[in-house]
Amino acid sequence: RVLQLMNLTDSRLAQAGNEKLELAMLSFFEQFRKIYIGDQVQKSSKLYRRLSEVLGLNDETMVLSVFIGKIITNLKYWGRCEPITSKTLQLLNDLSIGYPFGCSTREERCRMQFMLNNHTSEHFSFLGINNQSNLTDMRCRTTFYTALGRLLMVDLG
């Protein structure tokens, strides 16, 4: 249900968004990642069977693709909201550490390539330098580029 709600809220982000709802979804993603995604996690066929029935997500690579899409969406639309940006970047950072991106789907690799090719304030407003830049913005940039560096290293093999 959270993933269905995410699709609905993301489709309306251009008009308005709810910060608390976004933070709650990010908390869900963080817990889902810890429990169901990664090398050390036992695969729950029951979970993925249900996700396949309801949303067409057959395995963890498809779910990971949804996560990456959400990360990109949040960084585009919520770049000036520090709590959402920080939590989103932490999810990206955690995924870049704990998951073998080399085995990812074509769609997932295209989305990661988008971040690698478009790391500017035009696409992600928190990367812009302005008079109000503060320590938090710099930490967000550092986390972003650290995760991108890991993705680039995996991409190069």
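Guide: Start with contact: it means heavy atoms within 4.5 Å. Note that this is a predicted model. By that cut-off, Val63 touches Phe32, Ile37, Tyr48, Leu51 and Leu57, leaving aside residues up to four places away in sequence.

Visitor: Why is Val63 called buried?

Guide: Buried means under 20% relative accessible area. Val63 has 1%, so Val63 is buried. This residue lies in helix H4.

Visitor: What makes H2 and H4 roughly antiparallel?

Guide: Helix H2 (residues 19–36) and helix H4 (residues 60–77) pack at about 150°. Angles over 145 degrees count as roughly antiparallel. Therefore H2 and H4 are roughly antiparallel to each other. Their axes are 12 Å apart, and the crossing is left-handed.

Visitor: Which residues meet where H2 contacts H4?

Guide: From H2 come Glu22, Leu26, Phe29, Phe32, Arg33 and Tyr36. From H4 come Glu60, Val63, Phe67, Lys70 and Asn74. By class, this contact of H2 with H4 has 6 nonpolar, 1 polar and 4 charged residues.

Visitor: Which residues are buried in helix H1?

Guide: In H1 (residues 2–11), Leu3, Met6, Thr9 and Asp10 are buried.

Visitor: How do you know that they are on the same side of H1?

Guide: Look at the arc around the axis. They cover only 120°, so they sit on the same side of H1. An α-helix has 3.6 residues a turn, so residues three or four places apart point the same way.

Definitions and conventions
Residues are numbered from 1 along each chain as its sequence is written. This is a predicted model: local features need pLDDT of at least 70, side-chain atom pairs count only at pLDDT 80 or more; totals for chains, interfaces and linings use all residues. Side-chain values use heavy atoms; hydrogens and water are left out. Axes are lines fitted to C-alpha atoms, for helices over the stretch in contact, and angles run from 0 to 180 degrees between N-to-C directions. Helices (H or I, at least four residues) and strands (E, at least two) are DSSP runs, numbered from the N terminus. Angles under 35 degrees count as roughly parallel, over 145 as roughly antiparallel, 65 to 115 as roughly perpendicular and the rest as oblique. A crossing is left-handed if the near helix is turned anticlockwise from the far one by less than a right angle, and right-handed if clockwise. Ala, Val, Leu, Ile, Met, Phe, Trp, Tyr, Cys and Pro count as nonpolar, Asp, Glu, Lys and Arg as charged, and the others, Gly among them, as polar. Buried means under 20% relative accessible area, exposed over 50%, partly exposed in between (1.4 Å probe, protein chains only). The arc is that of the directions from the helix axis to the C-beta atoms.
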